[in-house]
Amino acid sequence: MLVLLLLHLVAALLAPVLVRWWGRQAFLALALVPAAAFAWTLAQLSAVLDGREVSETVEWIPALDLQIALRLDALALLFAAVVTGVGALVLLYCARYFAPDEEGTGRFAGTLTAFAGSMLGLVVADDLLLLYVFWELTTVFSFLLIGGAGGRLAARRAATQALVLTTAGGLAMLVGLIMVGQASGSFLLSEVVADPGSGTVMTAGTVLVLMGAITKSAMVPFHFWLPAAMEAPTPVSAYLHAAAMVKAGIYLVARLAPGLADVPGWRPLVLGLGVATMLVGGYRALRQTDLKLLLAFGTVSQLGFLMTLVGGGSRELAAAGVTMTLAHALFKSTLFLTVGVVDHATGTRDLRRLSGLGRRLPVLAAVGCLAAASMAGLPPLLGFVGKEAAFTALWDGGLPDRTAATVVLVGLVVGSALTAAYTARFVWGAFARKPDCADTEVAHAPEPLFLAAPVVLATAGLLAGPFSPLLAPLVAEYAETVPFGLPEVEDLALWHGWKPALALSLLTVLAGGALFAVRARVSRTQRRLAVGASADEGYWNVIQGLDRLSVLVTGTTQRGSLPAYLGTILVVVLALPGTVLLTRAPWPGEWRAWDTPVQAMVGVVVVTAAALSLRIRQRLSAVLVVGVTGYGTAVLFALQGAPDLALTQFLVETLTLVVFVLVLRKLPKDIGERHRPRERAVRGVIAVAVGAFMGAVGAVALGARTATPVSADYPEEAYDFGGGKNIVNVTLVDIRAWDTLGEISLLVVAATGVASLVFLRSRTGGVDRAERTRLTEVDRPSWLAAGATMDPARRSVVLEVITRILFHTILVFSVYLLFSGHNDPGGGFAGGLVAGLALVLRYLAGGRYELGEAAPVAPGVLLGAGLLFAGGTGVGGLVLGAEVLQTAILETTLPVLGDVKLVTSLFFDMGVYLIVVGLVLDVLRSLGAELDRQEDEDDPIELNEGEMVVR
Amino acid sequence: MIEAPDLDYAALAPLLFLFGAACIGVLVEAFAPREVRHPAQVALALVGTVGGLVSAVLLAAGRDLTGAEADVTAGSALAVDGAGVFLQATIAGLGALSVLLFAERGLDPARSSFVASAAVPAGSVRDRELLTAHRVQTEVYPLATFAIGGMMLFVAANDLLVMFIALEVLSLPLYLISGLARRRRLLSQEAAVKYFLLGAFASAFFLYGLALVYGAVGSVRLSTISEAVATDGGDVLLVLGLALLLVGLMFKASVAPFHTWTPDVYQGAPTPVTAFMAACTKVAAFGAILRLLYVAFGTDEWTWRPLVYGIAIVSMIVGAVLGLTQTDLKRMLAYSSIAHAGFLLTGVIGFDATGDSPGLSATLFYLLAYGLTTLGAFAVLTMVRDGDGEATHLSSWAGLARRSPVLAAVMTLFLLALAGIPLTSGFTGKFAVFRAAIDDGAWPLAVVALLTSAVAAFFYLRVVVLMYFSEPAGSTGSGAVTEGPTVGVPGLPTTIVLAVTAAATVVLGVVPGSVLDLAGEAARFVG
C-alpha cells in the first residue's frame, strides 16, 4: 500500500513535466496510477473476504507515537475501490475536458493526482494521526483544485471558504482524535474501534471528531461550502464532491460507528444532522436552475442520507449505508461528468436555456438517465437496492430506540421523495425539449474518450443492481463488526418480495413525480417561504465580524502609541501581581504617618509637584517641577539623618536640571500633544495605581524582613577596616569598591556614548579655545577670559561677575569635599559634581569658548585618568601584597600640618572625582558647546578635509 | 577572601566563541581600515556563531548531559545540561543564519539593509548622500554577536542574577540594531526607541522580581529557590517575585498582553534583524522561561500554572485575531509570532514534576522548528522589493507566483509550516506541544489552541491565495501595466539561508524522528 501511495506522490510530482511534454494526453498516463491501485485493491478482495486483513506498518516518528500503519479491511477496500476507480476514470475524462493548450493544466494534473493519493491514504490509514495527516492533505489539495487558476473572485472565495471550514473542523478533529486515543489507550483505529474508552474525555473527543466529519461531509449547518465549491472545474466536482472528499466524513463515521455509536451524543448528533441535511439539501435542490448547483444540493442531501445510515450504529443500516455510498459514488460522478459534457458541448449549464439535448446527444442522455434513475432509487439500479435495504432496516426497528427509528424513517422517506423530484427536474432540465425554448446548439460533439468515463460509471451502477448479491459478502464483512443488530439479517438483493419497504419506495417515487408535476407551484411556494438568513450568510457574517473585531481591537490597542503600550503592560501587572498583593499580602503590623511634621510638609510639596507636572504644558516648567520632587526627596534624606545622601541627591538633581535645559533649548517650548481629559484621567489612574503598587510591594517586603540587615555591622567595619567615619563614603570606596569600579566604568561608557552621538567624527571635538587675536580685538573690559566672544545681547554682567568671584571658591570647596569625604559628608562623587557645577556656571556665563578656557582639556583625558586612578589603586594594593582595592591606613605626623592620616582609598575617590568632572564636561561639550557651534556655523557635521556637502 | 570559581572550559566553549568573536569584532571596528571591515566582521561573526554551534554539539556528543554529567560550572552560575546545550546550539545555529542574512550584499542597490552611518540625522543632507553609499555601519556584527552570546548565556543561567545580566547583554544590542535600517530610517529609529523604553520597563520588573525572590529566599540560585519553594511555596513575596520575573520574560518572548511592542518593532527594524529577533530572541526567552518555571518553581507548579494557562490563551487569541486584519506582511508575521508564543506556552504547561516532561522536549523541538521557519519567511521578505526598499504590503504580493514561481513556492512552504499543515515542521511542532498539553490534562487549552490555529491558518493561507490566484500587482483591469515589485536575485548568503530553512522545514515535517529523539533526550534540566 505504501508503494501505491508513493507511486501517487511520484506521479503528482512528475505531472507538470508530463503535461509539458505530452499536453493533455498526459492524463492518460496519470490515470494508470489510480488504475493500478484499483487493480491491486480488487486483487485483495478474496483475502479480505476470507477475513484476513492486509496491513503494513512502518515506524514514522516514534517520539510522537506516529506510525504509518496501513490496513485494508472490508470497509477500506470498498472505499479504496471507489476512490481509485473513480479517480482513474476522472483522470481519463480530464484528457478531453481540458483544451489542448490550456494554462495551468500541469499544476492541475499534479494536484489531482496528489489528491487521489491522499484520499487513498485516508481510507487505508489505520493510525488515528496518520488519518488526520491525510485528512488535512485532502483539504489542502481540494483547496488548490477548487481555487483552480483562481482568476475569478468567486472561485477564490469558495476555495477559501471550503478551506477555512474544513480546516477548522479538521483541527477540532485532531484534538478529538488525540483525546479518543488517550481515553482508549491506543492510537490504532482498529484497536480503538474494538475497545473504545469511556468517560468525559471520550465523549468530548468523540463530539470533536464528529465535528471534523460533519464539516468535511457538508452537513447542516456547514453545508453551504459545497454548492459554493461548484466553481471548480467539473472533473473536480465529479471526483471530490461526489466520490472522494465529501465521502471522507462518511468514511470516518462508518469507520468509528461500530465502536463509538454508543458514546453519548453520537446518535442524536449524527442522526439529527443527517436527516436535517437530507431534507434541507433536497428542498434547496428543487429550486436550482444551474444543473451543477442542482447536483450539488442533491449531493448535500444524499450525504445527509448516507450519514444517517452509516452513523446509525446497527448492522442493517451499516450495510445499507455502504451500499448506498457505492451507489452514490457511481451515479453522482456520472451525473457531474455528464453535466461537464453538456457544458462543454453547449457552453451553458442553465436548465432554462437547454432544450432538446436528448435527441442530439443520445448516448449522453442514456447515460444521464441511467444514473438519474439510480439516484431516484428506481429498480433495477444499485440506488434502489441501497434505499430498499435502508427502509427495511428502519421499518424493522434498526435503531436501539424505536421512536427514533420511526422519526428517522419518516425523514428519509420525505427526503427520498424530494430526491426523486429533483432527479426528475434534472433529467427534464438537461435533456428534455422545452416548448418555450429553442433547441440548444451543440457546438462540438463529444469524442468517444470523453464519454468513456460516464458510460463506464453508469454501466457499473446498472450492473451492480442485479448483481448486488455478489456485493453482499463484502458488505456483510463490514456490517458484522457493528455490535447492535437484529437477529435475522437480510442480504442485499434486488428483489425481496412484497415488503413494506417496496411500498415506501413506490411512495417516494410517486410523491417525487407529483412534486415535479406541480413544479411551477412548488417553486412559487419556495420563493414565498425563502427566508433572509442562510447558513452561507451566517458564515460571511462571522468572518466579517471577526474582521471588524480585529480592526477595532487593532485600532484601539495598536496605534503605535508608546503610553498605550506601556499602559497595557502596567494594567496587567496591576491585575495579576496586584491582586495577589491585595488579597494575600501580610501587611506590616505598625503604621506610622511621620517622624516629624516636617516630613509631612515635604511630602505634601512633593506630591503637589508631581501632580502639577501632569498639568503643565511648558517643557521647562515641567522639568523644574519634576526637579522639585527630587529636591523634596533629598530633604527627606536629610531629615532621616543621611546628610551625605542628601548632598549627593541635591547635586545630581541640579546637574540633571542643567542637562535637561541644555537639551530643551533644541525642543519646542510647549508640549505639543494635547490629550483628551478622559485619556489623561485614565493615564493618571494607571500611574497612581502603579506607584501605589510599587510602594505597597516595598512596604510588604520591608515588613516581611526576618534576617538582620547586612548593614548592621557597617559602622564598626567602616572605621576599623576602612578608616573613615562617613559610612556611605567608605562603603563606596572600600566595602563595595568593586561595585563602584563597575559603576564608574559605566559612567565612562555612558559619557562616551552621549558624546559620540553628537560628535560624529571624533570622540569629542577639539577644545574650543578662544583665539588670542580675536580677544584682543575686542577692547571691552571683560570679567571672564572669553566672555567677549559671546553675542553681547546674550551676556549678563551680573552672572559674569558672580562667576568670576565664585568659580575658584567652588573648585576649592569641591576639593575639600573630596578630601573630607572620608569622615564628613562629601566624597569624590559629591566633590566631582560640585566641580562640574562650577564648569556649568562658567559655560552659562561665558559661552562655549569660556568653557574651553575654563577646562582646556579633553573630557576623554579626564575620564581616562580617573579610571586609571581608581583601577590603579586596586592594582597598587595587589602589588603591595594585599587584596585588590584593600584599604591601607597610613598615619604619620608631619611638620606644620600635624597628625595626618592617609587612607589609600582616597586615591580611589580621586578617580571617582575625575570621572564625574569628565562626565559633566563631556555633557557640556556635546550637548552645550557643540550644539552652539553647529548653530553658529550652520554646519550639522564636521567635514573631513576636502569633503563637500551638496546643498 | 573570595575563591576563584572553577571554570569548565569545555562547557563554556560555546559562550567563549561568541563573546570572543564579539570582543575581537569591537577591536576590528576600532583598528581595521574601513574597506576590510565588512568581510572581516562577517567572517568573525560566522566563526563565532558556527564555532559556538560546533562546540555545543561536540559538548553534547562528548558527555552524558542528561544524566550523571549534567552539572553546573563557574561557581554554579551556569548550568551545563541537555536542555541548555540544545538551546545554545539552536540559538547559535539560528544566529549563524541571521548573520548570513545580515551579510547579504546583493539585494539592496546600496548593498546592505543597514544604514551607512547611524548617527547622521535621518533626512538630513548628509543622510541623503549616504543613502546610496556602499559603506555600512559594520558595528552590527559585533553587536549581533554579543546579543547571540547573551542569549546563549540566558538559557544556561543557573542563577537569577546571571539571568538578568544575560537579559541585558542580549537586549541592549537588539535595541540598537533595530534602529539601523537603511531605508525608512525614522520608522526604524522609532521602533528602536519604543523597544528600548518598554524593554527598560520589562527589565526593571524582572529586577524587582529578582529582589523580591531574593528577599523571600535569601538566594538567587535556582536550585536554592526550588528548595525554599518546596517548603514555603505560598509566600507572598515569592509569588509576587515570580509574577514580576515572568512579566520581564514574557515581554521578551512577546507573549500577549506584553506583546504591544512586537508589531511596531518587527515592522520598523531592518528585516534581517526582525528575522533574528523573531527566531533567536524567542528561543532564548522561552529557554529562560522554561528554566525559571521548571527548575526554580517546578516544585510549586500550581502557583504559575493558572497564570501561564491564561496568558497562553490570551496570546493565542490576540495573535490570531489581530493578525487577520494586517495588510503588512512584517506586521502579520509579528502577530503570528505572538500567536506562536501562545502555542509554545501550551507546551510549557505540559510539565510533569516527576521528571519526564513531555512539555519540555516538545517545546524545545517547537522552538527549533519555529525559529527556522520564521527565519526563512523573513528571508523571503527581504527579496521582494520595489523602488523604496522591501515591498511588504500585501497588495504587492498579488500574483507573485507568476513572477517568481520558486520564491512563491518557498514562501508557501513556510506559510504552510506556520499554519501547521501536516508534513511540515510546523505540524510536528504543534502536534508535539498540544500532545504534551493533553497528556497533562489541559485539553481545553489544546482546543483553544486549535481553534486559534484555524483562525491563524486563515491569514497565512490568504497570502498563499494572493500569490497564486490573484492578478499580479501593478497590472490593472484596463490593461495599463504599471511597475510592480521586483523579486531580487539573492546573493549566496540569502540563498544558503533559504536552502537551509526550507530543507529543515520539510525534513522536520516528514522525518522529524531523529530530531525529536534528540530533543527528547536533551530535555533535562539540572536542578
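How many bridges join strand β1 (residues 54-61) of chain A to strand β2 (residues 66-72) of chain A? Seven bridges join them, and the two strands run antiparallel. The model is predicted. This briefing covers strands, a helix contact and aromatic pairs.

**Strands in chain A**
- The hairpin of β1(A) and β2(A) has four residues between its strands.
- In that hairpin, A:Asp65 takes a positive phi near 60°.

**Sheet in chain B**
- Three strands of chain B form an open sheet in the order β4-β3-β5, with antiparallel pairing.
- β4 (389-390) and β5 (486-487) of chain B stand at the edges with a single partner strand each, so one side of each has no neighbour in the sheet.
- Strand β3 (residues 384-386) of chain B is joined to β4(B) by two bridges, and the two run antiparallel.
- B:Arg385 stands opposite B:Glu390, a residue of β4(B).

**Helix contact in chain A**
- Helix α28 (residues 643-664) and helix α35 (residues 828-854), both of chain A, have axes that come within 10 Å and cross at roughly 30°.
- The crossing of α28(A) past α35(A) is left-handed.
- From α28(A), the contact residues include A:Leu647, A:Leu651, A:Leu655 and A:Leu662.
- From α35(A), they include A:Phe829, A:Leu833, A:Leu837 and A:Tyr843.
- By class, this contact has 13 nonpolar residues, two polar ones and no charged ones.

**Aromatic pairs**
- Over all chains, the count comes to 33 aromatic pairs.
- The rings of A:Phe813 and A:Tyr816 are stacked, because their planes stand at 25°, under the 30 degrees cut-off; their centres are 6.3 Å apart.
- A:Phe813 and A:Tyr816 are three residues apart in helix α34 (residues 797-820) of chain A, so about one helical turn separates them.
- A:Phe813 is partly exposed at a relative accessible area of 40%, and A:Tyr816 is partly exposed at 49%.
- The rings of B:Tyr175 and B:Phe196 have centres 5.4 Å apart and planes at 75°, so this pair is edge-to-face.
- That pair links distant parts of the chain: B:Tyr175 lies in helix α6 (residues 160-177) of chain B and B:Phe196 in helix α7 (residues 185-217) of chain B, 21 residues apart.
- B:Tyr175 is buried, with a relative accessible area of 6%, whereas B:Phe196 is partly exposed, with 39%.
- B:Tyr175 and B:Phe196 belong to one aromatic cluster with B:Tyr195, B:Phe251, B:Trp261, B:Tyr266 and B:Phe378.

How values were computed:
Residues are numbered from 1 along each chain as its sequence is written. Chains are lettered from A and ligands numbered from 1 in the order in which they are written. This is a predicted model: local features need pLDDT of at least 70, side-chain atom pairs count only at pLDDT 80 or more; totals for chains, interfaces and linings use all residues. Side-chain values use heavy atoms; hydrogens and water are left out. Axes are lines fitted to C-alpha atoms, for helices over the stretch in contact, and angles run from 0 to 180 degrees between N-to-C directions. A crossing is left-handed if the near helix is turned anticlockwise from the far one by less than a right angle, and right-handed if clockwise. Contact means heavy atoms within 4.5 Å. Ala, Val, Leu, Ile, Met, Phe, Trp, Tyr, Cys and Pro count as nonpolar, Asp, Glu, Lys and Arg as charged, and the others, Gly among them, as polar. Two strands pair if DSSP finds at least two bridges between them. Rings of Phe, Tyr and Trp (its six-membered ring) pair if their centres lie within 6.5 Å; planes under 30 degrees apart count as stacked, over 60 as edge-to-face and the rest as tilted. Buried means under 20% relative accessible area, exposed over 50%, partly exposed in between (1.4 Å probe, protein chains only).
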